[in-house]
Amino acid sequence: FAPMLMLGIALMIKAPDLLAKRLNAKEKQAAQKGVVAAAGVIFIAAFVLAGLDFRYGWTVVPVWLIWLSSAVMLLSYGMYAEVMRENAYLSRTIKVEEGQKVVDTGLYGIVRHPMYAVTLVLFLSMPLVLGSMPAFVVFLTYPAIIARRILGEEEILKRDLPGYAEYLDKVRWRLIPYIW
């Protein structure tokens, strides 16, 4: 919670418009509403399961893995902040704004959707930080949800954002370099 709070405060001070976009989660397309809802269910289920796992001691995660996952989680938050710094058009909803330009520098020069890549790593590290293997298993469904969101988003961006079709040719990987 602390890294996200610090990021929120930084955005409130330095980029209040971006913070407002990130807080608006009202998706207009039915398919994307389903994706957002599914991600929310997974998120809640995993954290409830982590709490139950802690309460009843179902699993034991090695301390070294908890520390490693903590480092990965903090690094992910740093990358999250970097993606937000690179792309002032980041919104939680899929849309193209007037005057929007394709961002193809920094992490956007490596993968097309660095925010989703970062959240994937972040969400997979969280249950391990909490010491819960069952919650980790629940979060393993998250990549499929993100993949569906990415495919829908790319269709909209290809149709509505000038230069995006060329960007697809320039940056080949959607989420993970050399894999997808």
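**View 1. L157 in helix α7.** L157 is found in helix α7, which covers residues 142-160; helices here are DSSP runs of H or I with at least four residues, numbered from the N terminus. The model is predicted, so local features need pLDDT of at least 70 and side-chain atom pairs count only at pLDDT 80 or more, while totals for chains, interfaces and linings use all residues. Residues are numbered from 1 along each chain as its sequence is written, and side-chain values use heavy atoms, with hydrogens and water left out. L157 counts as buried because its relative accessibility is 8%; buried means under 20% relative accessible area, exposed means over 50%, and partly exposed lies in between (1.4 Å probe, protein chains only). Leaving aside residues up to four places away in sequence, L157 touches V96 and Y164, where contact means heavy atoms within 4.5 Å. The C-alpha atoms of L157 and V102 are separated by 9.3 Å, and the two residues are 55 apart along the chain.

**View 2. Helix α5.** Helix α5 has 16 residues (114-129) and reaches 22 Å from its first C-alpha to its last, close to the 22 Å expected at 1.5 Å a residue. The expected span is 1.5 Å times one less than the number of residues in the helix. Helix α5 is mostly covered, with 13 of its 16 residues buried. G131 follows α5 and has a positive phi, near 75 degrees.

**View 3. The largest nonpolar core.** This core has 19 residues, and L122, F123, M126, F139, Y142, I146 and L175 have the most contacts inside it. The elements giving two or more residues to this core are α3 (30-56), α4 (63-86), α5, α6 (133-139) and α7. Of these, α5 gives the most, with six residues. A nonpolar core is a set of buried Ala, Val, Leu, Ile, Met, Phe, Trp, Tyr and Cys residues joined through side-chain atoms within 4.5 Å. F139 touches I42, F43, A46, F47, F123, L124 and P127, not counting residues up to four places away in sequence.

**View 4. Salt bridge between R174 and E154.** The side chains of R174 and E154 meet in a salt bridge (2.8 Å, N to O). R174 lies in the segment after α8 (164-170) and E154 in helix α7, so the pair ties together parts that are 20 residues apart in sequence. A salt bridge is a side-chain nitrogen of Lys or Arg within 4 Å of a carboxyl oxygen of Asp or Glu. At 22% relative accessibility R174 is partly exposed, whereas E154, at 3%, is buried.

**View 5. Salt bridges within helices.** In helix α4, E82 and R85 lie three residues apart, about one turn of the helix. Their side chains meet in a salt bridge (2.7 Å, N to O). E82 is partly exposed, with a relative accessible area of 28%, and R85 is exposed at 60%. In helix α7, E155 and K158 are also three residues apart, about one helical turn. The closest N and O atoms in the salt bridge of E155 with K158 are 3.4 Å apart. Both count as partly exposed, E155 with a relative accessible area of 48% and K158 at 39%. A search of the whole structure finds six salt bridges.
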